[in-house]
Amino acid sequence: MSAQARSFNEPMPEGTRLYRGRLSAAQQDALLTEVACILRAAPLFVPRMPKTGRPFSVRMSNTGPLGWVSDKEKGYRYEPVHPETGAPWPAMPDMLLRLWEELTDYPASPEAGLINHYAPGARMGLHVDVDEEALEAPILSVSLGCSARFRLGGLKRRDPTISFDLHGGDVLILEGPSRLRHHGIDRIYPGTGVLPEEMGEGRINITLRRVRRP
Ligand code: MD3
Ligand code: FE
């Protein structure tokens with residue numbers, strides 16, 4: 001059996017829930033239309049690593065009251081406005097708020113919807129998400145467009161990892177004992193999905209996060 005076939009059926013660790021094909025093709029199209037509208041008001045920007053200023057290969061934007069940003073000078077943080085336009089982030093689509101309500105039992109709304117855009121060749125190295133004060137809240141991720149190879153590790157950087165593919169329409173929830181796991185995107189698979197014309201070829205991932213404790 002190939003590694004790919006084996007990992008496909010791998011049981012998810014505790015606190016990791018994968019809803020394959022949770023969004024229908026029509027729902028994915030509707031959400032992508034909303035994302036296109038958000039990106040016209042809040043264009044994708046290139047985040048930079050703290051201290052070195054090295055650019056990410058993924059471009060980002062945000063929806064909701066807070067957005068994740070990063071630059072050389074001030075590093076990783078949440079801000080209420082776009083780093084280049086200074087405008088507040090566009091409101092979070094109802095569809096995403098409803099998905100959060102339906103799939104999580106967290107008693108408050110997500111504050112940040114981080115939009116990641118992966119062009120062919122873009123990747124995201126293994127990392128943990130720890131910039132949120134509300135670490136007891138789940139993270140909900142929606143994949144759109146091209147498929148990607150996702151890697152999920154443990155609490156320590158060198159812990160063993162499992163890999164599986166995320167496709168357009170998949171929803172992944174990370175909570176409890178999985179909330180602080182390392183994770184990353186090794187690659188996207190060009191030609192496996194479509195985005196609206198103005199976004200070019202690639203993959204969009206939206207992660208919903210609660211930042212402050214309610
Ligand atoms: C596992 N994004 O924006 S989403 C990120 O596909 C990020 O764009 C990836 O990692 C992407 O920080 C992965 C799935 C995800 C999100 C948060 C997690 C997996 C996670 C937090 C803990 C463990
Ligand atoms: Fe992450």
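## A first stop: alanine 137

Alanine 137 lies in the loop between β6 and β7. Before we go further, please keep in mind that this is a predicted model. With a relative accessible area of 2%, alanine 137 is buried. Leaving aside residues up to four places away in sequence, alanine 137 touches Tyr106, Arg179 and Arg210.

How far apart in space are alanine 137 and proline 43? From C-alpha to C-alpha there are 28 Å between them, and along the sequence they are 94 residues apart.

Another alanine to look for is alanine 25, which is found in helix α2. Is alanine 25 buried or exposed? Its relative accessibility is 54%, and because exposed means over 50%, alanine 25 counts as exposed.

In sequence, alanine 25 and glycine 168 are 143 residues apart, while their C-alpha atoms are 8.7 Å apart in space.

## The nonpolar cores

Now let us turn to the inside. The largest nonpolar core has 29 residues, and the members that touch the most others are Leu31, Leu140, Val142 and Ile206. At least two residues of this core come from each of α2 (25-41), α3 (94-103), β7 (139-145), β10 (171-174) and β12 (203-209). Helix α2 gives the largest share, with 6 residues. Apart from this core lies another one of 28 residues, which includes Met60, Val69, Leu152 and Leu166.

Which residues does isoleucine 206 touch? Not counting residues up to four places away in sequence, its contacts are Leu31, Val35, Leu96, Gly113, Leu114, Ile115, Leu140, Ser141, Val142 and Leu144. Leu31, Leu140 and Val142 in that list are also named, along with Ile206 itself, as the core members that touch the most others.

## Aromatic rings

The whole structure contains 5 aromatic pairs. Through ring pairs, Phe56, Trp68 and Tyr76 are linked into a cluster.

Two of these residues can be compared by their accessibility. Tryptophan 68 is buried, with a relative accessible area of 8%, whereas tyrosine 76 is partly exposed at 35%. Elsewhere, a ring meets a charge: the charged end of arginine 203 sits over the ring of tyrosine 118, 5.2 Å from the ring centre.

## The iron site

Which residues coordinate the iron ion (ligand 2)? They are His127 (NE2), Asp129 (OD) and His183 (NE2), at 2.0 to 2.2 Å. Along the chain, the donors follow the spacing H-x1-D-x53-H. Histidine 127 belongs to strand β6 (residues 124-127) and histidine 183 to strand β11 (residues 183-188), so the pair ties together parts that are 56 residues apart in sequence.

Histidine 127 has 23% relative accessibility and counts as partly exposed, while histidine 183, at 17%, is buried.

## Cysteines

How many disulfides does the structure hold? The number is 0. Cysteine 37 is partly exposed, with 46% relative accessibility, and cysteine 146 is buried, at 0%.

## Lysine 51, a backbone detail

Although lysine 51 is not a glycine, it has a positive phi of about 70 degrees. At 72% relative accessibility, lysine 51 counts as exposed.

Key
Residues are numbered from 1 along each chain as its sequence is written. Chains are lettered from A and ligands numbered from 1 in the order in which they are written. This is a predicted model: local features need pLDDT of at least 70, side-chain atom pairs count only at pLDDT 80 or more; totals for chains, interfaces and linings use all residues. Side-chain values use heavy atoms; hydrogens and water are left out. A nonpolar core is a set of buried Ala, Val, Leu, Ile, Met, Phe, Trp, Tyr and Cys residues joined through side-chain atoms within 4.5 Å. Buried means under 20% relative accessible area, exposed over 50%, partly exposed in between (1.4 Å probe, protein chains only). Helices (H or I, at least four residues) and strands (E, at least two) are DSSP runs, numbered from the N terminus. Contact means heavy atoms within 4.5 Å. Rings of Phe, Tyr and Trp (its six-membered ring) pair if their centres lie within 6.5 Å; planes under 30 degrees apart count as stacked, over 60 as edge-to-face and the rest as tilted. A charge sits over a ring if NZ of Lys or CZ of Arg is within 6 Å of the ring centre and within 35 degrees of the ring normal. Donors are N, O and S atoms within 2.8 Å of the metal (3.2 Å for Na, K and Ca); water is not among the atoms, so sites may look incomplete. A disulfide is a pair of cysteine sulfur atoms within 2.5 Å.
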